[in-house]
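Trainee: I am new to this structure and would like to go through it step by step. Please show it first.

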Amino acid sequence: QVQLVESGGGLVQAGGSLRLSCAASGYTFSTYAMGWFRQAPGKAREFVAAISWNGGRTLYADSVKGRFTISRDNAKDTMYLQMNSLKPEDTAVYYCNAQTAIYTRSGLYDWGQGTQVTVSS
């Protein structure tokens with residue numbers, strides 16, 4: 001059974017930083033691209049960032065480029081999202097998921113619970 005568990009969210013002031021983690025199990029983590037997504041209240045879930053199976057390639061939404069960094073540790077079946085220079089518009093529930101390829105911008109498995117990120121102005 002696939003499990004995706006996000007953690008690391010919280011309340012932070014604008015300009016601050018957070019590091020999210022995604023622990024994956026139930027499938028061969030190291031063979032899949034992975035992505036971060038977010039959903040703000042009243043809005044559709046949107047793509048944030050993706051990373052190839054070996055970490056060699058990354059892809060970012062324009063809204064987070066230069067502020068967020070995605071990474072992964074295949075030995076730990078874990079992916080990360082370092083978020084710097086946070087803005088109030090980054091407030092959302094953040095989710096992770098596997099992707100069939102780095103460019104698909106869609107999740108392969110059922111979504112987890114997500115982790116709430118709230119940025120105050």
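Trainee: In what order do the 6 strands of the open sheet with mixed pairing stand?

Mentor: Strands (E, at least two residues) and helices (H or I, at least four) are DSSP runs, numbered from the N terminus. Two strands pair if DSSP finds at least two bridges between them. The sheet is open and its pairing is mixed; the order of its 6 strands is E2-E10-E9-E4-E5-E6.

Trainee: Before we go on, what kind of model is this?

Mentor: Residues are numbered from 1 along each chain as its sequence is written, and side-chain values use heavy atoms, with hydrogens and water left out. Local features need pLDDT of at least 70, side-chain atom pairs count only at pLDDT 80 or more, and totals for chains, interfaces and linings use all residues, as this is a predicted model.

Trainee: Which are the edge strands of the sheet of 6 strands?

Mentor: An edge strand here pairs on one side only. Neighbouring strands of this sheet are turned by 25° against each other on average, direction ignored; axes are lines fitted to C-alpha atoms, for helices over the stretch in contact, and angles run from 0 to 180 degrees between N-to-C directions. The edge strands are E2 (10-13) and E6 (58-60).

Trainee: How many bridges does E3 make with E1, and how many with E8?

Mentor: E1 (residues 3-7) pairs with E3 (residues 18-25) in the antiparallel sense, and Val5 stands opposite Ala23 there. E3 also pairs in the antiparallel sense with E8 (residues 78-83), where Leu20 has Leu81 as bridge partner and Ala23 has Thr78. The count with E1 is 5 bridges, and with E8 it is 6 bridges.

Trainee: Is Thr69 buried or partly exposed, and with which residues is Thr69 in contact?

Mentor: Thr69 lies in strand E7. Buried means under 20% relative accessible area and exposed over 50%, with partly exposed in between (1.4 Å probe, protein chains only). Thr69 has 43% relative accessibility, so Thr69 counts as partly exposed. Contact means heavy atoms within 4.5 Å, and, leaving aside neighbours within four places in sequence, the contacts of Thr69 are Tyr60, Tyr80, Leu81 and Gln82.

Trainee: With which side chains does the side chain of Arg38 make a polar contact?

Mentor: Arg38 is placed in strand E4 and is buried, with a relative accessible area of 6%. A polar contact is a pair of N or O atoms within 3.5 Å; within protein, one must be able to donate a hydrogen and the other to accept it, and residues adjacent in sequence count only if both atoms are side-chain atoms. The partners are Ser63 at 3.4 Å and Tyr94 at 2.9 Å.

Trainee: How many aromatic pairs are there?

Mentor: Rings of Phe, Tyr and Trp (its six-membered ring) pair if their centres lie within 6.5 Å; planes under 30 degrees apart count as stacked, over 60 as edge-to-face and the rest as tilted. By this rule the count is 7.

Trainee: What kind of pair does Phe37 form with Phe47, and what kind with Trp111?

Mentor: Phe37 in E4 (residues 33-39) and Phe47 in E5 (residues 46-51) are 10 residues apart, with 6.0 Å between centres and 75° between planes. Phe37 and Trp111 are 74 residues apart. The rings of Phe37 and Trp111 have centres 5.1 Å apart and planes at 80°, so this pair is edge-to-face. The pair of Phe37 and Phe47 is also edge-to-face.

Trainee: Which charged end sits over the ring of Phe29?

Mentor: A charge sits over a ring if NZ of Lys or CZ of Arg is within 6 Å of the ring centre and within 35 degrees of the ring normal. Phe29 belongs to a cluster linked by ring pairs, with Tyr27, Tyr32 and Tyr109. At 4.4 Å from the centre of the Phe29 ring sits the charged end of Arg72.
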